[in-house]
Amino acid sequence: MSSEQNPATPKTPKTTENAGNAEGTEPAGPRPRRLTYAAALVALEGLALVVGGLWILVLGITGEPDDRQQAVTGGVTLVVLALLPLLAARGLLGCRSWSRGPAVITQIMALPVAYNLLQADSMAIPAGIALAAAAVAALVLIVNGETTRALGIRGPGNAGGGEKK
């Protein structure tokens, strides 16, 4: 389509005062600390996935794994999966409303992994404790009312702009 058929509307530049949604049209106030902490936890989980994936990949290529193809595939998969929490963390820092969904999904996916780590009889137990604590803390921070308001997310029944008559 040409610009004549679909004229562009001027968009408000993004600032911390109006970064509540993806378009940056609603004021949401400054980013609360809870949102920053949640973004940090989500980013930390993403970085842990990248490190774990690269570690498995390097061991699969240079070491003597049982199945080299499986080790390489597992490492690449972990690195690709790390994109979800890393993008979600970036969105949370930018007060983007879309980022809450991927951040919550990441935490929900982390809980069964933490449970499996806690069931192991090895050095994985401390990792399971740390992952469970990080996932629960991030979930609490992400669904907090202050965080929800900062992201410009409205509750059920509040989607419409007008009042009921």
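**Exercises: a buried cysteine and its helix neighbours**

Cys 95 is buried, at a relative accessible area of 6% (buried means under 20%, exposed over 50%, partly exposed in between, with a 1.4 Å probe and protein chains only). This is a predicted model, where local features need pLDDT of at least 70, side-chain atom pairs count only at 80 or more, and totals for chains, interfaces and linings use all residues. Residues are numbered from 1 along each chain as its sequence is written, and side-chain values use heavy atoms, leaving out hydrogens and water.

**Exercise 1.** Find where Cys 95 sits and say what its phi is near.

*Solution.* Step one: look in the loop between α3 and α4 (helices are DSSP runs of H or I, at least four residues, numbered from the N terminus). Step two: phi is near 55° for Cys 95, a positive value in a residue other than glycine.

**Exercise 2.** Work out how α3 crosses α4.

*Solution.* Start with the axes, which are lines fitted to C-alpha atoms over the stretch in contact, with angles from 0 to 180 degrees between N-to-C directions. Those of α3 (residues 83–93) and α4 (residues 100–119) come within 8 Å and cross at roughly 135°. So α3 is oblique to α4 (under 35 degrees is roughly parallel, over 145 roughly antiparallel, 65 to 115 roughly perpendicular, the rest oblique). Now list the contact (heavy atoms within 4.5 Å): α3 brings Leu 84, Pro 85, Ala 88 and Leu 92, while α4 brings Arg 100, Pro 102, Ala 103, Ile 105 and Thr 106.

Notes: Helices (H or I, at least four residues) and strands (E, at least two) are DSSP runs, numbered from the N terminus.
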